[in-house]
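Visitor: Please take one part of this chain and go through it closely. After that, show me how the rest of the chain is put together around other parts of interest.

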Amino acid sequence: MVQLFNPELNKVYFINQYTLLHILSGSGGIQVDFKNYFDWEDKVIYLEKGQYIKFLSDDFHAQKMEFPSKTIFENREVRVLFKHLISLGYIDALQGSPLEKYLSGKASQPDSREIIDHSLVQWFQQNPFNASKSEYQSIFDVKESIDQLFSTQVALLELRDLACGEGMDASRLIKEKLGVTVRSMLEEKRLVESKKKVVFTDCSVQEVCFDVGFKDPAYFNRVFKKRTGYTPIEFRDNFDYERQDRFVENLMELIRLHHKNEHQMEFYADKMNLSVKALAKKTKDKMHDTLGSLIRNELIGTSKKMLRQEMSIKEISLQLGFEEPNHFSAFFKHSTGETPSQYKNKKVQGIAPFL
């Protein structure tokens, strides 16, 4: 059953069942497993057990559907929805699409299998990595092996052996299609899971080290700090899982209120009673992002809403504080890869790219 879901700002939601989230509206970003993503309106994301999601704005409205495990794994192809390879994938649910009809209740008595099947058809149509179905299965076989074995002291040679099943060199395929290596996928999995254990448990650094497949706590500390910029203890303190420090809520509220007119860090630093340097550091610590990036993403989200409302480029540029319409157009293209007119035309035609 699809249920309405109005999440709280900056609250950690743990995924305990395989879950579909249909983002109906929302102006800010979302964070999944320590990565921030923006512009998710009219999109469906699938999350697997063990992940978490936070919403970086208080105006999100979504629909949620949870699936029993037996439904999910009857078909091996279903992995492409739930096992994200290098970033968070999505399925478009634009008005009038088959998936939107099922989620909105316009289709008669939709069940979870029909929604999964429609999502799979659309995922393969979007074909985010330009691969065949058999190539995807080889890639996801490796991803699944990493997910199962990362906590053991598995050697890279063992993973490479697993990656060469059925005569297909999945190591080469992963490098060619995803632009990463099997080693980097294993390292990223270990890093994400170590971050979760650091911030969501009371485990010691030594316990975390052994739990995610490292042999030496000192080496684990060095790797963690090199990848994140912080020791595990510093990372735990900065994440503020208990939400005792309302810094994120206060900053995102300021950005939402003032991003149309105020684009400079000095303004936000003054409002937060911090120096520019202190604000930049704390934003990076708490949100794993820069203040400039947060402002830009808010501007892009607002401009896309205005474009969908058929506002002119000149009017949008004025409302968003750009001196000239061509300055706004250049900013939009640099941030999205397409001009405002191209974006508007795609929305009219019901087409959207896979990010």
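Guide: Helix H12 covers residues 247-258, twelve in number, and spans 16 Å from its first C-alpha to its last, close to the 16 Å expected at 1.5 Å a residue; the expected span is 1.5 Å times one less than the number of residues. The model is predicted, so local features need pLDDT of at least 70 and side-chain atom pairs count only at pLDDT 80 or more, while totals for chains, interfaces and linings use all residues. Residues are numbered from 1 along each chain as its sequence is written, and side-chain values use heavy atoms, with hydrogens and water left out.

The buried residues of H12 are Phe247, Val248, Glu249, Leu251, Met252, Leu254 and Ile255. Buried means under 20% relative accessible area, exposed over 50%, and partly exposed in between, with a 1.4 Å probe and protein chains only. The cover over these residues of H12 includes helices H13 (265-271), H14 (276-287) and H15 (291-308).

In the whole chain there are 18 helices and nine strands; both are DSSP runs numbered from the N terminus, helices being H or I of at least four residues and strands E of at least two. Of its 355 residues, 48% count as buried.

The largest nonpolar core has 54 residues, and Tyr46, Phe67, Leu81, Phe82 and Ile116 have the most contacts inside it. Such a core is a set of buried Ala, Val, Leu, Ile, Met, Phe, Trp, Tyr and Cys residues joined through side-chain atoms within 4.5 Å. Helix H8 (residues 182-200) gives the most to this core, seven residues. A second, separate core of 29 residues includes Phe38, Ala269, Phe332 and Tyr343. Leaving aside neighbours within four places in sequence, Leu81 is in contact (heavy atoms within 4.5 Å) with Tyr46, Ile91, Ile116, Ser119, Leu120 and Trp123.

Five strands form an open antiparallel sheet in the order S1-S8-S3-S6-S9; two strands pair if DSSP finds at least two bridges between them. S1 (3-5) and S9 (91-92) are the edge strands, each with a single partner, so one side of each has no neighbour in the sheet. S3 (residues 18-25) and S6 (residues 43-47) pair over five bridges, and the bridge partner of His22 in S6 is Val44.

Gln63 lies in strand S8 (residues 61-67) and is buried, at 11% relative accessible area. Beyond residues up to four places away in sequence, Gln63 touches several others, including Phe5, His22 and Leu103.
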